[in-house]
Amino acid sequence: MSEKVKVTIDGITVEVDNGTTILNAARQIGGDIVPPAMCYYSKLQGSGGKCRTCIVKVTKGSEKDPRPMPKLVASCRTTVMDGMEVLNITSPEVLEARAGVVEILLINHPLDCPVCDQAGECDLQNLGYEHGLQKTRYEFERRTFERIDIGDKIQLHMNRCILCYRCVFTADQITNKRVHGILNRGDHSEISTYIQQAVDNDFSGNVIDVCPVGALTDKTFRFKNRVWFTKPVDAHRDCDHEKCNGKVTLWYKGADVLRVTARKDQFGEVEEFICNTCRFDKKATADWVIEHPTHIDDTSVIASNHYETLKPLHVIQPNEALQAANEIELHKTVKY
C-alpha cells in the first residue's frame, strides 16, 4: 500500500496517497475549493502547467520543513507533502493572480460567445464570469487566424485557442499517428497541421471533447442548436472497435440526436474516449440502448430546463377559476 500524507487546503484536511498533486487532493475534498484547470487532464500523461489558472499559495511546505513556498505554484504540477498547508479561494493574493491569468487568456480571445457552439459548457466562459474584468486593458491589435478544416468533421478556430495542448496530448496518446501540433513560437504560436494535412484517424473526434474552449468544433453540430436547449441522455452500444466501449452521451432536440459526445465526469473530463463511428455515424436512436438522463450540475445553464425532473417546475401556478373561464371562452370561439 502507498504511504498516506495529510494536506490542509483552505482549512480542510484530507489524507491522500503520497505523490498526489494539490489539485487532485482538492478534488477529493470537492466544492469551490477545487482550483480551475484549463490544461490539466487526468487521462492525459504530461498535461498541466500550461494555463496557470490553478495557481495556489503554499503557506507551509511540510511538517519537516514548514517554510512557505516563495511564489504561487501550479497545483496541477505540485505534489503534496505531509503537513502541507495550502490556500486557494481564501487567499486574496491567489484570487488577484488568477484574475490576471484570466485577463491574459482573454487578450486574444474573440467575443464569440453568442455564436460559439461551446457556449454553455465553456470553461473559459465560466472563468471570465468569475474573475474577468468588464473591459479589456489591452490596447494593441489582437492576433487573428483564418478558420481551417482539419478533417471532414473538425473545424479549427485558432482565434479562440488558449494553447492548452490537450488536443496534442490526446492525438499523441490515443491515436496511431499525430499530424497536428504547436507551430511557431511566442505570440505567433498556433495549433495547426503540417501543410493543412487532415486529421484523419479512428479517434480524432476526441480532440473536440478535450478542448476547453470553442477552438475545435464538431462540423456536424455547428450552429444547429444551443446546448441549453438540448437534452443529454446516457446511452451505449456494442461497438466493433476494440478500443471503444461505446458509452456515450446523446444530445437530443425533440426526437433528433444532434450530436454524440463521450461521457464526462464532474470535473468535465472524458471518462472513456470513443471512436469516430460512434461519434459521427450513429445519430439515430435505434443505434443505441438508452440508459437515463445525464446528470447535469445545478450550476450549469444546461440544467435550466429541468429535464431530469419528472414534473417540470410550474412557471405559472394553476388557477382553476381561470381555467374554467378559458374553457367557456374556447367553446364560444368560431372554428373555421
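## A walk from sheet to pocket

The model is predicted, and local features need pLDDT of at least 70, side-chain atom pairs count only at pLDDT 80 or more, while totals for chains, interfaces and linings use all residues. Residues are numbered from 1 along each chain as its sequence is written, and side-chain values use heavy atoms, with hydrogens and water left out.

Strand β12 (residues 247-253) runs antiparallel to β13, and six bridges join the two. Strands here are DSSP runs of E with at least two residues, helices are runs of H or I with at least four, and both are numbered from the N terminus; two strands pair if DSSP finds at least two bridges between them. Step back and you will see an open sheet of four strands in the order β13-β12-β11-β14, with antiparallel pairing. At its edges lie β13 (256-262) and β14 (289-293), each pairing on one side only.

Now for the cysteines. A disulfide is a pair of cysteine sulfur atoms within 2.5 Å, and the whole structure has zero of them. With buried meaning under 20% relative accessible area, exposed over 50% and partly exposed in between (1.4 Å probe, protein chains only), cysteine 113 is partly exposed at 33%, whereas cysteine 122 is buried at 8%.

Next, the spaces inside. On a 1 Å grid over the protein atoms alone, a cavity is a set of points where a 1.4 Å probe fits but cannot get out, while a pocket is an open set with protein on both sides within 12 Å along at least five of seven lines; lining residues have an atom within 4 Å of a point. The largest cavity holds about 70 Å³ of space, and its lining includes Leu156, Cys161, Ile191 and Pro212. That lining has eleven nonpolar residues, no polar and no charged ones (Ala, Val, Leu, Ile, Met, Phe, Trp, Tyr, Cys and Pro count as nonpolar, Asp, Glu, Lys and Arg as charged, and the others, Gly among them, as polar).

The second largest pocket has about 530 Å³ of space. Of its 28 lining residues, Leu106, His109, Leu111, Gly128 and Leu133 are the closest to its centre. Helix α3 gives the most to this lining, with five residues.

Terms used: Points joined across faces, edges and corners; volume = space filled by probe spheres on them.
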